[in-house]
Amino acid sequence: MKEYLENLNHEQIEAVTSDAAVNMVLAGAGTGKTRVLISRIGHLIEEKHADPNKILAMTFTKKAAKEMKKRIAKIAEGNPQITTIHAWGAEFMRHHALYINFPTGFSIWDEADQSSVRAMLIEKHPEWRGCSEELLPYIAWVKTHHPKYWRDLADVQSDFQPPIIPGSRDMTPLTTAYHEYIRCQRDAYALDFQDLISVPLGLLTDEPLSQRYLTQIEHL
């Protein structure tokens, strides 16, 4: 048995060696999902002769990405790209910022920056104080569920309107806050963490751009 298959159960081995184009692994915390992913990459390189440079693996934390790199180096040769979702999104946007009319040197807002913008909006619109805790979650919800919102960031002609959440009360403050938040982003040339996921997803619906990445990344 290959070293990377050792200590895996039947279901894990099945996931690692699957020939399906798309695989989904559903498992709880501490059940070996990272081990399966690492073994899968090893299998692709060692058995399927995949080009390591065309393998991209993304995780949520820098610590996890670092650990994955270390463990993969022990079972397979080559240098697959292992990074965090937000780091990959930031790199993607540095290359393609002009698609949204941003400079490549755009800023990235963290949670503290977002809270400062919210405070500024509440100061400008004191009547929003009653829904202040809903502003940022609503904006994140719009960005998560409606990737075409990037056209607002680009300040191009767009008919996109932030949606009304079914069953909600008057949404006017939230939808107005969305537009003002986006305007603040444009003025500052700043993206937030959600943008680093949602904007690349939206831009990759552009066929020439998606085709370019399909040639660069064979396994994700």
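Let me start with valine 199, which, leaving aside its neighbours within four places in sequence, is in contact with Met93, Ile100, Tyr149, Trp150 and Leu153. Contact here means heavy atoms within 4.5 Å. Before going on, a note on the source: this is a predicted model, where local features need pLDDT of at least 70, side-chain atom pairs count only at pLDDT 80 or more, and totals for chains, interfaces and linings use all residues. Residues are numbered from 1 along each chain as its sequence is written, and side-chain values use heavy atoms, with hydrogens and water left out.

Now the core. The largest nonpolar core has 38 residues, and those touching the most other members are Met93, Ile100, Leu191 and Val199. By nonpolar core I mean a set of buried Ala, Val, Leu, Ile, Met, Phe, Trp, Tyr and Cys residues joined through side-chain atoms within 4.5 Å. Buried is under 20% relative accessible area, exposed is over 50%, and partly exposed is in between, with a 1.4 Å probe and protein chains only. Elements giving two or more residues to this core include helix H4 (85–96), helix H8 (172–188), strand S4 (190–192) and helix H10 (207–216). Helices (H or I, at least four residues) and strands (E, at least two) are DSSP runs, numbered from the N terminus. H8 supplies the largest share of this core, six residues. There is also a second, separate core of twelve residues, with Ile38, Ile41, Ala57 and Met68 among them.

Next, H10. Which residues of H10 are buried? They are Leu209, Ser210 and Tyr213. Seen down the helix axis, these buried residues fall within an arc of 95°, so they line one face of H10; the arc is that of the directions from the helix axis to the C-beta atoms. What covers them includes H4 and H9. On the face turned away from the buried side, H10 carries the exposed residues Glu207, Pro208, Leu214 and Thr215.

That brings us to the rings. The count is six aromatic pairs, where rings of Phe, Tyr and Trp (its six-membered ring) pair if their centres lie within 6.5 Å, with planes under 30 degrees apart counted as stacked, over 60 as edge-to-face and the rest as tilted. One of these pairs is edge-to-face: tryptophan 88 and tyrosine 213, at 6.0 Å centre to centre and 75° between the planes. Tryptophan 88 is in helix H4 and tyrosine 213 in helix H10, 125 residues apart, which makes this a link between distant parts of the chain. Tryptophan 88 counts as buried because its relative accessibility is 13%, and tyrosine 213 does so at 12%. Ring pairs join Trp88, Phe92 and Tyr213 into a cluster.

Two arginines also lie over ring faces: arginine 94 over phenylalanine 106, at 3.9 Å from the ring centre, and arginine 151 over tryptophan 150, at 5.9 Å. The rule is NZ of Lys or CZ of Arg within 6 Å of the ring centre and within 35 degrees of the ring normal.

Back to H8, where glutamate 180 lies. Is glutamate 180 buried or exposed? At 10% relative accessibility, glutamate 180 counts as buried. Not counting residues up to four places away in sequence, glutamate 180 touches Leu121, Lys124, His125 and Trp128.

Last, the cysteines. The structure holds zero disulfides, a disulfide being a pair of cysteine sulfur atoms within 2.5 Å. For cysteine 131, the nearest cysteine sulfur is that of cysteine 184, 16 Å away. Cysteine 131 is buried at 5% relative accessibility, and cysteine 184 is buried at 17%.
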